[in-house]
Amino acid sequence: MKIAISSDHGGNRLRQEIMQLLNELNVEYVDYGPDSDASVDYPDYASPVANGVASGEFDRGILICGTGIGMSIAANKVKGIRCALVHDVFSAKATRGHNDSNILAMGERVIGPGLAREIVATWLDTPFEGGRHERRIAKLAELEDK
């Protein structure tokens, strides 16, 4: 599995924590920054992750900002992206199993690093269930063409 990861300034510290987790799990990733805590615009950092996942360059992506809201909105503007804003383990499992989410968004100002690590580990480990959920994913794709 190959992951693209990025944040804005509000998620920089949590991104560092999640990259440490990815290293521990031996998950390959590409970090799109930023390199400091200086203020940046979240769409600029969501875009390369979302486009990389949509193109198939990456299997999944992880985006972090202060709340996760801006990053998730930006990512979901890209066709083929199903970015889920998650702040609990149950939702991480459900969004993979039911929604086949391909990008995970989280908020550094909303959750702590321990919970974030647990969410990411669960999200990475949970397969898409398929079955009845495939029909729903297809309907989401149809909405992108309207």
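Trainee: Is Lys-77 buried or exposed?
Mentor: Exposed. This is a predicted model, and in it Lys-77 has 70% relative accessibility, so it clears the cut-off of over 50%.
Trainee: OK, and where does Lys-77 lie?
Mentor: In the loop that runs between helix H3 (69–75) and strand S4 (83–85).
Trainee: How far is Lys-77 from Ala-50?
Mentor: In sequence they're 27 residues apart, and in space it's 8.7 Å, C-alpha to C-alpha.
Trainee: New topic: how many residues does helix H1 have?
Mentor: H1 covers residues 12–24, which is 13 residues. From first C-alpha to last it reaches 19 Å, close to the 18 Å expected at 1.5 Å a residue.
Trainee: And which residues of H1 are buried?
Mentor: Asn-12, Leu-14, Arg-15, Ile-18, Met-19, Leu-21 and Leu-22. Looking down the axis of H1, they fall within an arc of 165°, so they line one face of the helix.
Trainee: What do those buried residues pack against?
Mentor: Strands S1 (2–7), S2 (28–31), S3 (60–65) and S5 (103–107), plus helix H5 (113–125).
Trainee: Last one: what's the phi of Asn-26, after H1?
Mentor: Positive, near 55°.

How values were computed: Residues are numbered from 1 along each chain as its sequence is written. This is a predicted model: local features need pLDDT of at least 70, side-chain atom pairs count only at pLDDT 80 or more; totals for chains, interfaces and linings use all residues. Side-chain values use heavy atoms; hydrogens and water are left out. Helices (H or I, at least four residues) and strands (E, at least two) are DSSP runs, numbered from the N terminus. Buried means under 20% relative accessible area, exposed over 50%, partly exposed in between (1.4 Å probe, protein chains only). The expected span of a helix is 1.5 Å times one less than its number of residues. The arc is that of the directions from the helix axis to the C-beta atoms. Contact means heavy atoms within 4.5 Å.
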